[in-house]
Amino acid sequence: MPKKKKSSSSKKKNSRNNNNNGAGNTKKTVPLQDVLSQAESAMDMSEIDTALQLFSYAAGVLRCRVHGPATANTTTADGSTDASGSNNNDETPLRDNDQDKKTLSTVLGKMGELKASKGDVEGARLDFLDAISLLEAAPPLIAAEIYEGNTLVETVQGECDVGMAQNSESRAGLHLYLGQLSSGMEALSSFRVGVSELESAISVLERICASGDSGMDDVEMEGGDEKMDSVNLKRFLIETRRQLCAAHCSIAELYLTDLCEEPDAESSCEAALESALALDEVSSADVVSTAYGNNDGENKMGPPPPDALQTMANFRLSQSRVPEALECILKAYDRMKVGCEAMSALVGLGSDGSGKIDDVELESKSRELVDVEAASSLPEYNFRCQTAKIMLECASLLENDSSDANSTINQCAESAIQVLGSLIAQNDEVIEVWYLLGCAFMACTPPNPESAHYYWENALTMLNKVKKGLEESIDDYDEDECTENELEVIECQIIDVKKKLGKYKEDNEDEDMED
């Protein structure tokens with residue numbers, strides 16, 4: 001019996017179905033560079049989950065290029081997993097591509113940062129270790145040789161040397177991140193490796209700068225957006241020195257905390273800080289001598305961060321060497337003074353520490369903030385909070401038995417007010433800052449109890465609100481040891497603030513009786 005012919009409508013239907021199925025199985029290919037750009041933007045905007053997803057996809061693509069498609073399960077840009085290792089990407093995998101190894105290392109470093117910010121310390125540690133292994137496995141860079149026919153006419157060493165410095169600086173950053181995620185001797189080991197890598201990078205960069213290597217014009221900076229000309233090379237050197245300074249400070253802080261019981265803690269801390277301060281001095285000289293863009297100093301690098309000075313101040317306080325601690329912390333404050341005063345003015349704290357400010361000064365300071373290189377380049381929140389604490393501790397330890405001492409105490413207190421004012425302007429929900437502002441006004445000579453009372457009352461109100469929330473949490477759910485401990489801490493803080501307010505009231509009553 002002859003077969004029936006399918007109707008033309010049936011053929012068309014099947015054809016449409018086949019086309020639809022084909023379309024459904026095809027995933028849109030996104031260029032890797034676009035994914036990386038989107039990931040960077042998401043990271044800048046603190047969209048951590050989105051950034052992590054995009055970087056994970058990029059890492060999958062790069063792993064396939066470096067190791068081959070058979071070794072990787074990858075995450076696609078839309079978040080799904082592709083076990084084939086091909087990523088449905090039409091970019092051809094290349095084995096042992098050195099540039100891809102470097103890019104993959106950078107991506108893993110970013111993933112480590114993001115995971116650390118989410119509290120995934122172990123995941124971050126693994127990413128950093130993978131990133132380090134990729135950089136360490138990279139083959140040594142070889143100087144470029146230029147021939148005319150069969151004759152060697154030039155050997156361009158500059159590109160090779162800068163590449164070595166960049167690799168050392170990248171490895172250092174990863175080891176320093178590992179140190180921050182670790183504690184004790186493990187952290188110390190990571191920091192020391194980071195220091196060694198940075199010293200190697202600086203040695204290479206100093207040699208290139210001193211030789212005035214003319215083969216630098218075609219060398220790309222990290223990221224490939226700019227050429228490594230003499231100006232950018234000098235900037236790279238300055239920034240690497242500042243990283244090394246910060247690394248020495250991290251080692252010193254370790255000896256002030258985790259390793260404070262080590263037999264050589266004090267001498268090791270002193271040595272690390274001497275190295276940090278020597279680099280700080282060089283960086284300060286670099287700022288004076290180096291301008292970028294034009295002769296009037298536009299694009300000139302700002303002063304070095306105050307990390308070394310502040311860490312030394314903390315160290316000197318631990319040794320009860322108060323005058324030296326005071327000198328260091330006031331120098332540290334000088335580097336953030338303009339930004340702190342500009343931000344502090346926005347919440348009504350004048351540079352005279354009175355808590356009052358006229359319209360002209362407020363407008364002037366606000367213009368500084370809008371201009372705002374100074375305010376935007378301020379050290380991070382916790383660092384400035386520590387600055388204020390050190391100033392107040394110095395003020396409390398100085399003997400106010402002379403006019404000079406009183407002047408110094410007042411300088412400490414007023415500077416602390418400006419720093420704390422900048423913190424209130426940035427985030428007015430941190431109870432400790434309100435409390436410290438009250439202490440700063442009482443540390444002034446003469447004290448300002450009215451302003452102190454205002455900030456302590458606000459701190460007390462905030463503490464009572466937190467206490468109520470914790471008590472309700474305990475009532476609504478099963479008792480939790482952590483919550484109970486937190487409640488106990490809050491109650492102790494409430495008692496402390498009430499004592500401060502009680503002292504204020506007693507002082508006021510004594511003044512009224514004298515009147």
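Okay, let's start with a helix pair: the axes of α15 and α17 come within 11 Å and cross at roughly 30°. Axes here are lines fitted to C-alpha atoms, for helices over the stretch in contact, with angles from 0 to 180 degrees between N-to-C directions. So α15 and α17 are roughly parallel to each other, and on our scale angles under 35 degrees count as roughly parallel, over 145 as roughly antiparallel, 65 to 115 as roughly perpendicular and the rest as oblique. The crossing of α15 past α17 is left-handed, that is, the near helix is turned anticlockwise from the far one by less than a right angle, clockwise being right-handed.

Before I go on, the ground rules. This is a predicted model, where local features need pLDDT of at least 70 and side-chain atom pairs count only at pLDDT 80 or more, while totals for chains, interfaces and linings use all residues. Residues are numbered from 1 along each chain as its sequence is written, and side-chain values use heavy atoms, with hydrogens and water left out. Helices (H or I, at least four residues) and strands (E, at least two) are DSSP runs, numbered from the N terminus.

Back to that pair. On the α15 side you'll see Tyr381, Cys385, Lys389 and Leu392, and α17 brings Glu432, Val433, Leu436, Cys439, Ala440 and Ala443; contact means heavy atoms within 4.5 Å. By class that's eight nonpolar, no polar and two charged. For the classes, Ala, Val, Leu, Ile, Met, Phe, Trp, Tyr, Cys and Pro count as nonpolar, Asp, Glu, Lys and Arg as charged, and the others, Gly among them, as polar.

Staying with α15 (residues 381–397), its packing with α11 (residues 322–334) has an angle of about 145°, with the axes 10 Å apart. Again the crossing is left-handed. Val322, Ala325, Leu326, Ile329 and Tyr333 of α11 meet Thr387, Ile390, Met391, Cys394 and Leu397 of α15. This contact splits into nine nonpolar, one polar and no charged residues.

Next, α8 (residues 230–256) with α10: their axes come within 9 Å and cross at roughly 20°, so these two are roughly parallel as well. The crossing is left-handed. From α8 we have Cys245, Cys249, Ala252, Glu253 and Leu256, against Asp307, Ala308, Thr311, Asn314, Phe315 and Ser318 of α10. The tally there is six nonpolar, three polar and two charged.

And how far do we trust it? The mean pLDDT of the chain is 79, with 69% of residues at 70 or more; pLDDT is the predictor's confidence in each residue, from 0 to 100. Helix α10 (residues 307–318) comes out highest at 96, and strand β4 (residues 151–156) lowest, at a mean of 45. Over residues 152–156 the value is below 50, and that stretch has 16 contacts beyond near neighbours in sequence. Residues 291–298 are also below 50, with twelve such contacts.

Salt bridges now: the count is 16, taking a side-chain nitrogen of Lys or Arg within 4 Å of a carboxyl oxygen of Asp or Glu. One to look at is lysine 118 with aspartate 49, closest N and O atoms 2.7 Å apart. Lysine 118 is in the loop between α4 (98–117) and α5 (121–136) and aspartate 49 in helix α3 (residues 48–67), so the pair ties together parts 69 residues apart in sequence.

Last, two backbone details. The peptide bond from threonine 445 to proline 446 is cis, with omega near 0°, and proline 446 sits in the loop between α17 (431–443) and α18 (449–476). Serine 46 has a positive phi, near 60°, without being a glycine; look for serine 46 in the loop between α2 (32–44) and α3.
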